[in-house]
Amino acid sequence: MARTKNRAAETALSCLTNTRRWNLGEYIRLSKEDLNRGSDDSNSVVNQRRLLDEYYQKHMDEFTSVTQYVDDGHTGTDTNREGFQNLLADITSRKINCVIVKDLSRLSRNYTDAGSLIENLFVQLDVRFISLTESVDSYLNPDSVSSIIVPITNVMNDQYCYQTSKKIRQVFDYKKRNGEFIGSYAPYGYIKDPKDNHALLVDHEAAEVVKQIFTMFLSGITVRAIVNHLNDHGIMCPSVYKQSQGLKYSCPNGQAKPMWSTITINTMLKNPVYVGDMAQGRNRVKSYKVHKIEAVPEKDWIVVQNTHEPIVDRETFEKVRQLLKRDTRTAPKQKQLYLFSGFLRCADCGRAMSRIASKGLYVYYQCGTYKSLSKKACTMHSIKSTRLEAAVLYAIQQQAYLAVSYSDIVACINMAPLKKSQSIRLNDLITAKEKELAKIMRYKQALYQDWKDGEITHNDYRHMSEDYERQVEAAQTVIGNLQTEQAGLEKGVDTENPFLTAFSKYENIDKLTREILIELVDYIKVYEGGDISIRFKFADEYRRVTEYIEVNTHAAAI
């Protein structure tokens, strides 16, 4: 009797499987991590293909056709895989109505995506889904898809990717913080050290181009003009140059004929790698699921100084960095920046000044707000270029004279017997701030008692206490800065002080150049009526020198 029942069940199953024939799609995926484990791994493309083909051969009578879709070296968290997208397209167009994979992780390692495919898309389009490892078959055993094993396995696959991604990031971060280069290709101007894949060596041919770019930019040539110069002279852009060196480098954005661009030049001018610092972590992937690249704020870059030979000196790089922050737009067809481009601002509204050429007679500047936005919002603030240039040159000459004089005075002070110099100004400031801090602390302590006595609510106490805490931190920061300044004054000033060094070398200056402005001037304010004020660089160092001289001169007089 039992045998009769079994034969009946087998007959029924045979009839069931023969009532419908399927167009089979075999999906095979191998990730980069799988590739690194070796070709004999159970997840290799060859092994997956063998398992799926064996299933097809055993159940050939169930299928009308079979098509393979392969993604070799693609992560399972990214759905933008060519083979996978082709499979989805064929499913949507009804060319495929049965999908088979070795295991659930081959389809996707993203828990949400896997669930959406199996529970929604495949059901809506009446697609049969087979996963060999988990014994899932949505047609022969519909309950297998709803089994708790499926979501648990998908979650485990998702977590596997998360943990793997986390471990890889930790390893990469460790290498970055040790100053080891982890990129696939060395930055333009460098090559990887053949003896150490994580170290950089100067590529002298490309390095000359890098030096040329920095020199041209500092001389006042615009980025667009630099791009045109390099392209017009047939100098290979970084991607083409790398390919010419035998590297298997893919050009960005699939360009057929890559050329120099303003983005390339601007990126190079900002890259600390050219001063010998390993700056990494400048871009990152949003997450292990979202493979979109996003820029990282400069403050969050991982920078390790002096890891390799520099191409550009630090002084030049710093000048370029400061210059890039300025508004240095030029008139159409202009290749050279004007002398004061990016330095002038209106003293009242703060907007950049506009340069105006008066029919070839003379050049003058006026407030950008007045010129372009509204004549009611600000006034003209006009000043002739010749007068402006003469005034700035004179101011720099005076600073240079002071620097030379102060260098001599500092040298004399330093030759005298060592004395501990005290600044009355700093002592008074520190004392006043310490009294303020003590008062805040008393208020804070009294506040606690007011709460305990029921004079204020707990919510008021919490808010007021937080406010006092912020005041305490601010006062402590100021005191710390003043004490640091005082300690620096006590140690003295030498003739290598940045202010003395920068201005002294222009003792005999008789002509203003853009390079000098970049080195010495922060910005220039233009007032209504034509007066100007100049904010020089090294202002803090200048004040320190003058106070050092004042304190020691006063001490000597006493």
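**Contacts, sheet and salt bridges**

Reader: Which residues does aspartate 137 touch, not counting residues up to four places away in sequence?
Author: This is a predicted model, in which local features need pLDDT of at least 70 and side-chain atom pairs count only at pLDDT 80 or more, while totals for chains, interfaces and linings use all residues. Residues are numbered from 1 along each chain as its sequence is written, and side-chain values use heavy atoms, with hydrogens and water left out. With contact taken as heavy atoms within 4.5 Å, aspartate 137 touches Tyr55, Arg128, Phe129, Ile130, Pro142 and Ser144.

Reader: Is aspartate 137 buried or exposed?
Author: The terms rest on relative accessible area with a 1.4 Å probe and protein chains only: buried is under 20%, exposed over 50%, and partly exposed in between. Aspartate 137 has a relative accessible area of 9%, so this residue is buried.

Reader: At what distance does the side chain of aspartate 137 reach the backbone nitrogen of leucine 140?
Author: Aspartate 137 has its place in strand 5, residues 136-137, where strands (E, at least two residues), like helices (H or I, at least four), are DSSP runs numbered from the N terminus. From there its side chain reaches the backbone nitrogen of leucine 140 at 3.2 Å.

Reader: Which helices do the buried residues of helix 10 pack against?
Author: In helix 10, residues 223-232, the buried residues are Val223, Ala225, Ile226, Val227, Leu230 and Asn231. Just after helix 10, glycine 234 takes a positive phi of about 70°. The buried residues of the helix pack against helix 9 (204-218) and helix 12 (262-270).

Reader: What angle does the direction of helix 15 make with that of strand 17?
Author: An open sheet of mixed pairing is formed by three strands in the order 12-16-17, two strands being paired if DSSP finds at least two bridges between them. Its edge strands, strand 12 (344-346) and strand 17 (532-536), each pair on one side only, and neighbouring strands are turned by 25° against each other on average, direction ignored. Axes here are lines fitted to C-alpha atoms, for helices over the stretch in contact, and angles run from 0 to 180 degrees between N-to-C directions. Helix 15 (385-415) packs on the sheet, touching strand 12, strand 16 and strand 17, and its direction makes with that of strand 17 an angle of about 45°.

Reader: Which residue of strand 16 stands opposite leucine 344?
Author: Strand 12 and strand 16 (residues 521-526) run parallel and are joined by three bridges. In strand 16, the residue opposite leucine 344 is isoleucine 524.

Reader: How many residues apart are arginine 20 and aspartate 126?
Author: A salt bridge, defined as a side-chain nitrogen of Lys or Arg within 4 Å of a carboxyl oxygen of Asp or Glu, occurs 18 times by this rule. Arginine 20 forms one with aspartate 126, the closest N and O atoms being 3.0 Å apart. Arginine 20 is in the loop between helix 1 (2-18) and strand 1 (22-30) and aspartate 126 in the loop between helix 6 (111-124) and strand 4 (128-131), which puts their separation at 106 residues.

Reader: Which residue forms a salt bridge with aspartate 277?
Author: Aspartate 277 is buried, with a relative accessible area of 4%. The closest N and O atoms of this salt bridge are 2.6 Å apart, and the partner of aspartate 277 is arginine 314.

Notes: Polar contact = N/O pair within 3.5 Å; in protein donor to acceptor, adjacent residues only side chain to side chain.
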